[in-house]
Amino acid sequence: MSLTNDIKLITQKAIEDLYRVSIDESAITVNVTKPEFEGDYTIVLFALLKPLKKSPDALGNALGQYLLDNNTGIFQSYNIIKGFLNLVVADSYWIKFLSDNYNNASFGKQQVSHKKIMVEYASPNTNKPLHLGHLRNIFLGWSAAELAKAVGNDVIKSCIVNDRGIHICKSMIAWKIFANGATPQATHTKGDHFVGDYYVKFNEVYKEEIKALEAEGLSTEEAEKKAAIMKAAQQMLVDWEAGKPDVLELWSMMNSWVYEGFDETYKRIGADFDKIYYESQTYILGKNLVEAGLEKGIFYKEEDGSVWIDLTNDGLDKKIVRRKDGTAVYITQDIGLAVDKYEEYKIDESIYVVGDEQNYHFKVLKLICEKLGLPYAKAIYHLSYGMVELPSGKMKSREGTVVDADDIVDETIGIAKQKTEELGKVKDFTGEELTDLYETIGLGALKFFLLRVDPKKKMIFNPEESIDFHGFTGPFVQYTYARIKSVLRKMSTAHSPQPTDIKTFPVSGELLPLEKEIIIQLEQFPATIEEAAVLYDPSKIALYVFNLAKTFNSFYTEHSIANAESEEKKTLRITLAQLTAQTIQTGMHLMGIKVPERM
């Protein structure tokens, strides 16, 4: 619970006591007071004037006086400006808040929600390595899961590996035709990159075959269907679903190469999962549900044998759920997976972190599950996010122009190394400490940059811009944390504050504007986490820790800690620094970002 919420509840009670009128809490708006006015929090009176039949001044004065008389220790004074009731919170309240929380490692986390939530993210295909788009997905999914945990939910992090289907068979057929038995080990290539090269090779050959067929007089559409390599891939998919041993053996071998590569990348970027599902194990359940739906008349069969659902009456379109050759399509396995998730975990909410180009797909999935009468249909929630592009434009994995996640990670760590060395402040670090520091800064920059934008928005990723020690970046926040820790290390143990030191601190008129500003920001941290968790939006946390770091730097430029005006001030500022560092660390952790003790 935050002071903002407390003020809403207090105001609600005040209105009931003063006017015998019940006002819904949602009708009461409380904002942080604008800097040009005196006050800390502002109650917006306009929505209350009509139901209470009062003028702004009359209502403001009545509420202001009630709050002063009935909430001793919270409010110090009030003023009214054109329908806005500005409240000045007493220094004693802020001092007590500081003394209660400065040594609390769990500050910000609350037990306000008790749902069982599964967050599915990453969802890679086993025909290519992870790319830049996957990084936004993984960082967003991991952070959304941590935010859900931070407000009290029981969270399962999951991943669906798309390990079957025509796209997988494309890599397989290309390897079979062109590899001459090559392996990742023999070619010294990371497994996922090795298999991805054959996916690109397939598409190169496919394009050449289409051109040749077009030259013989076929239309593009006919050429695409008759190209030999595509027909071979389609046959391989049929053979795979039929369980042909040599196809299954090749599939298993190539997937194992990819998994080794994925695991290496996941470990490096700090991604983890509680449960991994495989499409090869869920699609059959999906096919069975399609068969059951066909019998119930929910689906229908076309003349060519393919199975569809007609959603035109629901404002959507017709959707294929099984091909004419009997093989499953993507949504088939998604139906099966939804059943698996619910039956194993009995989840209250099932979050799918998938790009916004799949918005339609998830509308269809939810609707199909509802029509099949599946109990968890309402629990499906698509956490949609915008695509990541580079300054050079959109990436296409079929053409081999996609930017691999491993390359992006290497590049950001390299830039972190270069910029840190330019600052020249790490000469006393050992080689191992430097390697760890560059990884911490580089990965922190990458994660922060991809998470600082509202998930719904498309974004352009610029590695150079992400590593700036002065802007809205991870390294700026990391540097502030390291700076605070350096200051605290310089303080002798004799100055390590005790709760009694804070509670006995003489508070009357003692808090300076920047001291108070930091405390107000700190007090808003639990509410910020709660808001970010409800919206599954880590950008709220990124903006919060950036603003907190900025305010602390302004404070530290103006006010000394070591040479404070008095011992009481020194104690106050040490506690401020401690809670600020702890809050930054917690906030950054919620985004999967480490903070270095020194930089």
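How many salt bridges does the count come to? For this model, which is predicted, the count comes to 33 salt bridges.

Consider K13 and D17, which form a salt bridge with their closest N and O atoms 2.8 Å apart. Both residues belong to helix α1, residues 3–19, and because they are four residues apart there, about one helical turn separates them.

Next, please find E146 and K157, whose side chains meet in a salt bridge of 2.7 Å, N to O. Here the pair links distant parts of the chain, eleven residues apart: E146 is in helix α5 (residues 132–150), and K157 is in strand β6 (residues 154–161). E146 has a relative accessible area of 10% and is therefore buried. K157 counts as buried too, at 2% relative accessibility.

A further salt bridge is formed by D406 and K190, with 2.7 Å between the closest N and O atoms. D406 lies in helix α15 (residues 405–423), whereas K190 lies in the loop between α7 (184–187) and α8 (191–215); the two are 216 residues apart. D406 is buried at 11% relative accessibility, and K190 is buried with a relative accessible area of 19%. Some salt bridges also share partners: E146, K149, K157 and D272 are joined in this way into one network.

Let us now turn to the rings. The structure holds 24 aromatic pairs. One of them is F107 with F525: the ring centres are 6.0 Å apart and the planes stand at 40°, so this pair is tilted. Which parts of the chain does it tie together? F107 lies in the loop between α4 (91–101) and β5 (116–120), and F525 lies in helix α21 (residues 525–535), so the pair ties together parts that are 418 residues apart in sequence. F107 is buried, with a relative accessible area of 4%, and F525 is buried at 0% relative accessibility. Together with F97 and Y544, F107 and F525 form one aromatic cluster.

Finally, charged residues also lie over rings. K201 lies over the face of F178, at 4.9 Å from the ring centre. R598 lies over the face of F429, at 3.9 Å from the ring centre.

Thank you for your attention.

Terms used. Residues numbered from 1 in each chain as written. Predicted model: local features only at pLDDT ≥ 70, side-chain atom pairs only at ≥ 80, totals over all residues. Heavy atoms only, no water. Phe/Tyr/Trp six-rings, centres within 6.5 Å; stacked < 30°, edge-to-face > 60°. Buried < 20%, exposed > 50% of the residue type's maximum accessible area, 1.4 Å probe, protein only. Lys NZ or Arg CZ within 6 Å of the ring centre and 35° of its normal. Salt bridge = Lys/Arg side-chain N within 4 Å of Asp/Glu carboxyl O.
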